[in-house]
Amino acid sequence: MPSSKVKTSTGTIEFHYTISTPFKCDAKVVEKDLPTLLFLHGVYVTSVSWRDQFDSSLRRFNLVAVDMRGHGATGGKVPDTYSKVEAADDIARFMNSIQLPTCHIVGVDIGADIALQMAMDQLSKVASLILMSPLWEKEPEDITAGRQEVADYWIEGSLNKDDLACADAIYGVLQYNYNNADTPFIRSITASHYPQVLKNWSGKGAEDFVAITVKYFVNNRAVRTTSDFAKINCPVLIMAPVDELTPEAIAEDLQRGLHAAGVQVQLLKMWDAPHYGQVTHPSMYSRAIDKFMITNFCPDGAPSVPKNTATAWDAHLRKLGWHPSDEDSDDEN
């Protein structure tokens, strides 16, 4: 996994990333004549959670995924005051460091929040937004309390070598991410994440865990206004999961706010998908993104999809017991 040292507002962080093109699953640079999609993962996980989007018709484009600050191979110190503004600045600086062109930013959860902020603060970096499972503008106290509970279990378990407390934290994360869905892929990426979680978020790293999984969601969470949204000058696709744990009002409020500001916005409801629906329902999500890209950004026709869309993560995941044939198709969802 290549990396780039980035001078951020709080010091140098080595960001790890993956570039896939129609011609290479682990490319060094993007293809100049193709649109580039930059994928920003959600909290608790890493860029490998985008594996199925990289093994899809989206490989007709340049695809880039990065482990964000505090997560995965990137790690790095997360200040207690870390906010969406600093996070958006991190990604803009990362883009500069590897000379990415203007990108179509695809984000889920915290990644969607950062993408939205980038479209207001870093206009020249953003060609469009694809926002999955957007966050509350001001999170309800019970949701924040749930995040704190997960953090408390993890800190207790990691400091005291209490496997049961760690297991309780992991159960809370899996419930938040996937609404208790269980697939070979989920098991494999969870196994992939665990050594990195221990490295980044144990001992003194517990402070970083709390900063990125709890404090980020309450820091500087002033509600974005119509004038804020009016800064956005690109098309926006919102993909909102619809299940018993996910309030549709979050995405609907965001759609209304963007529309009132004159932003071109589309809302798709992803039925039966959990918060990280791109993991459990990959075909449904990839098809929607592909259609959005072709409709809005391919006036001369869609680029060809390569025959081989294997990803740079596959060899590692196979060592953890995963194989593509293990996955059930979600084409009917």
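Which residues does H16 touch, not counting residues up to four places away in sequence? Let's start the tour there, keeping in mind that this is a predicted model.

**Stop 1: H16 and its surroundings**

Select residues 11-20 to bring up strand 2, then pick out H16 within that strand. Now show its contacts: H16 touches M1, P2 and S3, then A65, V66 and D67, and also A73 and T74. Is H16 buried or exposed? With a relative accessibility of 16%, under the 20% cut-off, H16 counts as buried. H16 and H71 lie 55 residues apart in sequence, yet 9.8 Å separates them in space, C-alpha to C-alpha.

**Stop 2: helix 2 and helix 3**

Next, select residues 84-97 for helix 2 and residues 110-121 for helix 3. Their axes come within 8 Å and cross at roughly 75 degrees. That angle falls between 65 and 115 degrees, so helix 2 and helix 3 count as roughly perpendicular to each other. To see where they meet, show K84, V85, A87, A88, I91, A92 and M95 on helix 2, along with D113, I114, Q117, M118 and D121 on helix 3. Colour this contact by class and you will find eight nonpolar residues, one polar and three charged.

**Stop 3: helix 4 and helix 5**

Now go to residues 141-160, which form helix 4, and residues 163-178, which form helix 5. These two pack at an angle of about 150 degrees, and their axes are 7 Å apart. Because the angle is over 145 degrees, helix 4 and helix 5 are roughly antiparallel to each other. Their crossing is left-handed. On the helix 4 side, the contact is made by R147, V150, Y153, W154, E156, G157 and S158; on the helix 5 side, by A165, C166, D168, A169, G172, V173 and Y176. Sorted by class, the contact of helix 4 with helix 5 has eight nonpolar, three polar and three charged residues.

**Stop 4: helix 7**

Select residues 206-213 to see helix 7. Seven of its eight residues are buried, so helix 7 is largely enclosed by the rest of the structure. The buried ones are A206, D208, F209, V210, A211, I212 and T213.

**Stop 5: two loop residues**

Two residues have a backbone angle to look at here. N179 sits in the loop between helix 5 and helix 6 (184-201). Although N179 is not a glycine, it has a positive phi of about 50 degrees. Then jump to D272, in the loop between strand 8 (265-271) and helix 10 (277-280). D272 is not a glycine either, and its phi is positive at about 70 degrees. With a relative accessible area of 58%, D272 is exposed.

**Stop 6: cysteines**

How many disulfides does the structure hold? There are zero. Select C25 to see one cysteine that is in no disulfide: its nearest cysteine sulfur, that of C103, is 19 Å away. C25 counts as partly exposed, at 29% relative accessibility. Finish with C298, which is also in no disulfide. Its nearest cysteine sulfur is that of C103 as well, 15 Å away. At 10% relative accessibility, C298 counts as buried.

Definitions and conventions. Residues are numbered from 1 along each chain as its sequence is written. This is a predicted model: local features need pLDDT of at least 70, side-chain atom pairs count only at pLDDT 80 or more; totals for chains, interfaces and linings use all residues. Side-chain values use heavy atoms; hydrogens and water are left out. Axes are lines fitted to C-alpha atoms, for helices over the stretch in contact, and angles run from 0 to 180 degrees between N-to-C directions. Helices (H or I, at least four residues) and strands (E, at least two) are DSSP runs, numbered from the N terminus. Angles under 35 degrees count as roughly parallel, over 145 as roughly antiparallel, 65 to 115 as roughly perpendicular and the rest as oblique. A crossing is left-handed if the near helix is turned anticlockwise from the far one by less than a right angle, and right-handed if clockwise. Contact means heavy atoms within 4.5 Å. Ala, Val, Leu, Ile, Met, Phe, Trp, Tyr, Cys and Pro count as nonpolar, Asp, Glu, Lys and Arg as charged, and the others, Gly among them, as polar. A disulfide is a pair of cysteine sulfur atoms within 2.5 Å. Buried means under 20% relative accessible area, exposed over 50%, partly exposed in between (1.4 Å probe, protein chains only).
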